[in-house]
Every structure is written in C-alpha cells, then in structure tokens.
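Look at the sequence and the structure below before reading on.

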Amino acid sequence: MSVLEMENIDVTYERRDHVKLKAVVGASLSIDRGQIVGLVGESGCGKSSLARAAVGLVAPTAGRVRFEGEDVAALTRRARPRALTRLQLVFQNPYSSLNPRRRVGEQIADGLTGDSGRRAGRSRRVGELLELVGLSAAAAQRYPSQFSGGQRQRIAIARALAADPSLIVLDEPLASLDASAQAQVANLLVELSRELSLGLLLISHDLAIVRHTAHAVSVMYLGRIVETGPTREVWSAPLHPYTEALIAAVPRPDGSGTMPEALPGEVPDPARPPTGCRFHPRCPHRFSRCPEEEPELEPAFPARTVACWLPRDATPSPPSRRRAHTAAATTTNDSSTSSSHEEGVMPTHKGGTA
Ligand SMILES: Nc1ncnc2c1ncn2[C@@H]1O[C@H](COP(=O)(O)OP(=O)(O)OP(=O)(O)O)[C@@H](O)[C@H]1O
Ligand code: SF4
Ligand SMILES: [Mg+2]
C-alpha cells in the first residue's frame, strides 16, 4: 500500500492584487515505503506548493491527501496529530531551519517519540541518529554554526529521522550545497531509504540529481504534472516535449552538471495560463489541437503516464524522434505552428537521449 497518496490536488493562492493563482492543478502522486519519487520542473511550477499540501502546511482547494491511510488535514494551531509525526519535511536551507543558539543534540532530541523519548535513552538515541547520517555522536554538543552546509543538512535529516518517519518530503535538500556535498547527501538519502524502508519525495529543479537517486519521477509544468514514470525509462525515452527539453538542458550526457534555472522561452504567468496545453507557446511540436484542448495525464505505456496530444509510437520514444507523426499533424490548418527556432520556443536536442 502507498504510504502517501495525493489525488487531484489543487492549490490556489490569492495574490496581493487579489488575483487568484492556481499553483497546482489536478496533481496526483503516490509513494510506497522504501521508494524515492522525484518531483522536477522549473522554478515556480508548483513543486513546493504540492509538497506543502502533502504535509498539511497548505490546505488544498481540491483533492485529497492520505498518509498511512488517514486523511491529512491542513495544520491548525492545535498540536500535530501523533500519526502525522511520521510524515516529515526537510527544507532547502538547513541553516535557517536549525536554531543557531541551541546545541544540535537538543534540536534532534525535540523530535524523539515513543520509548526513545524517555530521558534515559535520549542522548544514546541522538548519538545513534547522528551516526546514522554519517556524523559522530560527539556532534550533539556543538552548535549549527560549527558545521559545513552538507553537515548541517545531515543534522536536519537526523532531526527528521528522530520521529521514526515512514516518509520524508525533501524540498530542494541539495540546492544550497556544493557539488561534492550534494553527491554525499544524495547517496546518504538513497542508503537511508533502503535501510529504513523510508519513502522519500525528493523535490528538485535539477533532473540530474533526481536521475541518480529516484526510482520514479513526476515532471511538473505550470502547476500540472505532465509526465510520470520510472526514472530510468523517462530519462532514456521522455514522452513529453517538456521532459525532453529538461533532459536536454542537463550539460553532460552522464547526467552531471547543473541544469539552468530556467529553460529558453518565457514561463507564462500561472494566474493566466495559456489555453489548451499550457506548454504550447514554448513547444516545438505543437499543432492545431494544442491551443484548443488541454490534454489529461493518461496511461501511455506500463507504469508511465503523459499529458500530450502527440501520437505515440508502439514503443516509448522521445517527441524529437517522432518527427514523421508531428510533421503530419502540423500540416493541418494551423496558423500558429512555426519552426523550433522561433523565439520563445525551446529547441529540441538532435542526438536523442542517453
Ligand atoms: N503564498 C503564496 N502566495 C501567492 N503566490 C504564491 C505563494 N506561494 C507560491 N506562490 C506562487 O505559486 C507558484 C508556485 O510556487 P512554488 O513555490 O510552489 O514553486 P516551485 O516549483 O517550488 O518553485 P522553486 O523551484 O522556485 O522553489 C509561483 O507562481 C509562486 O509565485
Ligand atoms: S505537442 Fe501539443 S500537447 Fe504535446 S506538449 Fe506540445 S503543445 Fe502540448
Ligand atoms: Mg520550491
């Protein structure tokens, strides 16, 4: 059974100018114990909003979130229900989420529950948790400022582990770290997930990180999930033109290197999303149907879903390899169709994917 299930989630904000903005639209996602699910997409596409809905920090305006079979209600001033302490959140910047004036050990001990919460066992358990994340038990006596960024993120992970979670939502946990610390913390997450049978929702705008750690990936564009599937399969044969462009933006074929913050072409205002397929103003494969009707996320191949009107081959293949179909489709009466070199339209990569 899935430890976290999110069904048709909408998250709507009211901006200062009173305009309503749908940051998440109809998103569904599920995570099993021991599974790492990556959530990727450009800045502002709604990843953190979906994460906040998962842990009850924002109330979805539509849809349902269930954790270990129980409905997750948005947090109120009352104490977080005990069952929900097993659902933890780790933020991007460990320095701002740790109190600089308290010893690391005290902050980890705050999260202890059950028997380990009794005084006698607390310091022993804190030491074990520090060792579990690759630090020494003696680190408990030190303050956050005495650690590097990567070590502080390990401390934040140890604090989340103190509650004996079955799922941790990690919102850009590696973004503030240098490249070597990123790799070490990413490896730690993979080990912890495997050893503790821990579900992880790993949010990143960097597909390269997700490729190395996640079993499955969901790709988000302007509030909607546009593609899901096993990471390796999505990487080798993306079905959605946006996923294909994201992968093409990773600098090196082995998936290393930092992806640009944003891809070519302007991201539309989420308060006024384009008609039809939200991606159509930037899509090199768009055709007449695209600005007219919005494609739903539908099963495409086993364990894979995609929201795109492009015809599919018998086996998964990226849109740029489906040029014959696309060319046929674009010969329909479509005045908006243009070459992929048009300004604001993302180029497709020529050599296919690794
Ligand atoms: N509290 C809020 N009030 C109004 N708008 C918001 C609020 N929080 C987020 N937004 C808007 O909702 C959209 C989605 O934001 P969100 O933070 O979820 O994106 P993101 O994918 O996490 O981006 P990033 O990669 O930069 O962290 C953005 O347009 C953002 O400006
Ligand atoms: S081909 Fe059409 S439906 Fe598919 S991503 Fe491009 S614009 Fe959207
Ligand atoms: Mg975010």
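Predicted model: local features only at pLDDT ≥ 70, side-chain atom pairs only at ≥ 80, totals over all residues.

## The open sheet

Four strands form an open sheet in the order β2-β1-β4-β5, and their pairing is antiparallel. β2 and β5 (70–71) stand at the edges with a single partner strand each, so one side of each has no neighbour in the sheet.

Strand β1 (residues 4–14) is joined to β2 by 8 bridges, and the two run antiparallel. Within this pair, I9 has A27 of β2 as its bridge partner.

## A strand covered on both faces

In a regular strand, side chains alternate between the two faces of the sheet. Strand β6 (residues 87–90) has both of its faces covered. L87 and L89 are buried on one side, while Q88 and V90 are buried on the other.

β6 runs parallel to strand β7 (residues 167–171), and 4 bridges join them.

## An enclosed helix

Why is helix α9 (residues 241–248) described as largely enclosed by the rest of the structure? The reason is that 8 of the 8 residues of α9 are buried. Among them are P241, Y242, E244 and L246.

## The nonpolar core

The largest nonpolar core has 93 residues, and A54 and L201 have the most contacts inside it. Domain 1 (4–214) and domain 2 (238–299 + 310–330) both contribute residues, so this core lies between them.

Leaving aside neighbours within four places in sequence, A54 is in contact with L4, M6, V65, V169 and L201.

## Around the ligands

Ligand 1 is surrounded by 14 residues, of which Y13, A23, S43, S48 and S49 are the closest. By class, this shell has 5 nonpolar, 7 polar and 2 charged residues. β2 (20–31) and α1 (47–55) each supply at least two residues of the shell. The largest share, 3 residues, comes from α1.

Which residues are the closest to ligand 2? They are C277, C283, R286, C290 and C308, in a shell of 13 residues. The shell around ligand 2 has 9 nonpolar, 3 polar and 1 charged residues.

Definitions and conventions: Residues numbered from 1 in each chain as written. Chains lettered and ligands numbered in written order. Near = placed C-beta within 6 Å. Nonpolar A, V, L, I, M, F, W, Y, C, P; charged D, E, K, R; others polar. Buried ≥ 20, exposed ≤ 12 C-beta atoms within 10 Å, placed from the backbone. Core = buried A, V, L, I, M, F, W, Y, C linked by C-beta atoms within 7 Å. Domains from an automatic or database assignment. Contact = placed C-beta atoms within 7 Å. Pairing = 2+ DSSP bridges.
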